Amino acid sequence: MLNKLMLIAAHIYKRDNSQFNITIITDQNNNSSLGGRVLNSPLSNLNSEQNNNRDNNNNNNNNNNNNNNNNNNNNNNNNSNSNNNNNALVNRNIEDRVGQRVEQQKVEEEEEEETNHPISDRPHKKQRLNIKFSMSLDNKVQSDENGKEIDNSNNNSNSDDLKIQNNHSNKEPFFNRSELVRLLIQSLNSLGYEKSAEFLEKDSGIPLQSKEINQFSESVISGNWNRVEELLPFLKLNEFDTNNVKFLIYSQKFLEYLENHKIKEALECLRLEITPYTKDTSRLQVLTSLIMTSNSSETKKQIKQRSSRVNLLNDIRKYVNPNIMLPENRLEQLIKQSIQYQMGKCLYHNTSEQFINLFKDHTCDKTQMPLDVLFTLKDGHRDEIWFISFSHDGQRLASSSKDNSVIIWDMSTIYLDQPTEPKVLFTLLGHIKEVSHLAWSPNDKYLLSASNDSTVKLWNTNDGTLLKTITKHSDAVTSCSWHPDNKRFVTGGNDKNIYLWSIENLDITNSNNNSNNNNNSNNNNNSNNNNNNSNNNNNINGNNINGNNNGNISPIKSWACARVNDLSIHKDGKQLIVICQEKKLRIYDLENEKTPDVVLMETDAMTSMELSDDCNFALVNTSNQEIHLWDLEKQIIVQKYRGHKQGRFVIRSCFGGVDQAFVLSGSEDSTIYIWHRSSGILLETLSRHSGTVNTVCWSPCNPFIFCSASDDQTIKVWSKSNNHNSFINNLNK
């Protein structure tokens, strides 16, 4: 019945001014009092003109009814109540239908937006749905001057979309345009394209620097010091920085006077110009000492190095606002920083390419990693292999074993285009117990071997001869390390002592059994020969002690500490880093005994240690199955590596790859673990050994090769899969 009385059409489309327009179309042929009733709805206000017509009809009908039948008031009241009930029902139905249509329209609009626009290009949901309802019929359909109807809903919608797109397309870049132009001009000049730089400067109207700053730079380079002083105010420095810059300028004048042997002018410059602008007496003393020794060759060399006007200009830049005077090669620095950032985020970065492609973001895949076995060396040792170490040139590898022997391998053949299996150069026999640690001298001429027999042996690596046996320790010697001067070394052991030795005090020229030891080289293929050689070497070792009076040898220096697990000397030769069983990492000053020791506390026992090439970081294996990366300068742990198994044995780890970007470790589960150094992410696990992997060592001359040693009595050489045909070279690994 209600469908015959009223036709409801809800046109909910327009988004102009965030309003919905709802048009109610009534049945004009029906004069029922219900047909024109104003809906008492919070969503709608019907058109006033239609409402008045319907109310007039109702009033007329009511008057006729009152005049004709005054006795039927009760019936009229009943009818009125009935009409009110019906009106309320109609009101609710219309509200429900309008509400359903509104929700449906919202869903359709959202689906349309998701289809036509990415999420980042769509306005916020609240912006689209902040809608005010208006029942004005004039908003939906308008007429032009000729009376023709115009639908503006689509135009308004398109206008809103256009505004949104413009807002996104007009986003400001993350840099200032004029700064970029200035950097381009500077870069063109540094690359030698002066004409292009000049054209860009004129075309853009953006100068590289002000005219006064250019004149200041030219005056510094030309040595026009009076002009430099005149232009100094244009640097806009505070008083403190002005004094520092003046000190730099006058110091340059002073050095140039000395270089030209103008001692009198140099003295006047020092007294009248330099001294008033510094309170640092040490700086004045350095300059004064140059006058006193100006004729020495060392001083002349020092003066020449210091008296660089280009360096002076760069030093001045440090005090000046970069907007006034651009830092040198700033664009190149930004590019370098970007490349370094990308390489730091590249988990498998292991390329030795000199240049990085600027046309794409830098990434590497695992094909750059040495993940395949190239060779398996299994005919050398006859028991567990505890330690391996590459020579500093990477051409030889030393290995020590539970079988009391040390072997030096020729590794030069693995770097060839067609690599061949490494061969044994020398088998060094003489220890009567397990050999736990080895150390090459910086020039690779000598090799130290530390043993559980409480001795340290010094070997000549060129011919495999034994040079000296040291018997100062009273318990197993666990570690040894060379000083960078090639003359001194340290040893530490379970007797809680560390000793510093000098080769010059060892009298290594009188090794009376070198010829016998030479006969023991290259005889590792026959077990009987090995046994005989072992016996001969034991006799040689005993004779060496007595013959060379080792008992009278004294160390240069000694330290008492807890039982030593590992130690190493800093590359500058000034510090000794030691880990002991007391859960402390100690740093000793080798040059000044009065300097207090630096102590870094660990939470668990430390079993081994490896220093980075720059000696700023220490890689420490702990008994709780973690490897800690210590920053020795900041004295904090900067990264931890987990996943490997270590509980009963000493497991050793190392740095590796280009720029030592990886951390490599053995494990008691016969697996090798590789982590990304900076992030600590575990990259690879390699399971090719059949026993505990005790130690690993990365080649110092090739980032695509490393070696591992195991309780399975083998040494494996690992390389890139596309670098060599490993499956042909070794079928029985």
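Helices α8 (residues 211-222) and α14 (residues 309-317) pack at an angle of about 145°, and their axes lie 8 Å apart. The crossing of α8 and α14 is right-handed. This is a predicted model, where local features need pLDDT of at least 70, side-chain atom pairs count only at pLDDT 80 or more, and totals for chains, interfaces and linings use all residues. Residues are numbered from 1 along each chain as its sequence is written, and side-chain values use heavy atoms, with hydrogens and water left out.

**The helix pair**

- On the α8 side, the contact (heavy atoms within 4.5 Å) is made by F216, S217, V220, I221 and S222, and on the α14 side by R309, V310, L312, L313 and I316.
- By class, that contact of α8 with α14 has seven nonpolar, two polar and one charged residues.
- For the classes, Ala, Val, Leu, Ile, Met, Phe, Trp, Tyr, Cys and Pro count as nonpolar, Asp, Glu, Lys and Arg as charged, and the others, Gly among them, as polar.
- Helices here are DSSP runs of H or I with at least four residues, strands are runs of E with at least two, and both are numbered from the N terminus.
- Axes are lines fitted to C-alpha atoms, for helices over the stretch in contact, with angles from 0 to 180 degrees between N-to-C directions.
- As for handedness, a crossing is left-handed if the near helix is turned anticlockwise from the far one by less than a right angle, and right-handed if clockwise.

- β12 and β13 (residues 446-451) run antiparallel, joined by five bridges, and V435 sits opposite S451 in β13.
- β14 (residues 456-460) pairs with β15 in the antiparallel sense over four bridges, with K457 opposite T469 in β15.
- Five residues separate β14 and β15 in their hairpin, and G464 in the turn has a positive phi of about 75°.
- In β15 (residues 466-470), five of five residues are buried (under 20% relative accessible area, 1.4 Å probe, protein chains only).

**Confidence**

- Mean pLDDT (the predictor's confidence in each residue, from 0 to 100) is 77 for the protein, and 67% of its residues reach 70 or more.
- Residues 115-169 stay under 50, with 67 contacts beyond four places in sequence in the model.
- Where pLDDT is low, the predicted coordinates should not be read in detail.

Methods: Buried means under 20% relative accessible area, exposed over 50%, partly exposed in between (1.4 Å probe, protein chains only). Two strands pair if DSSP finds at least two bridges between them.
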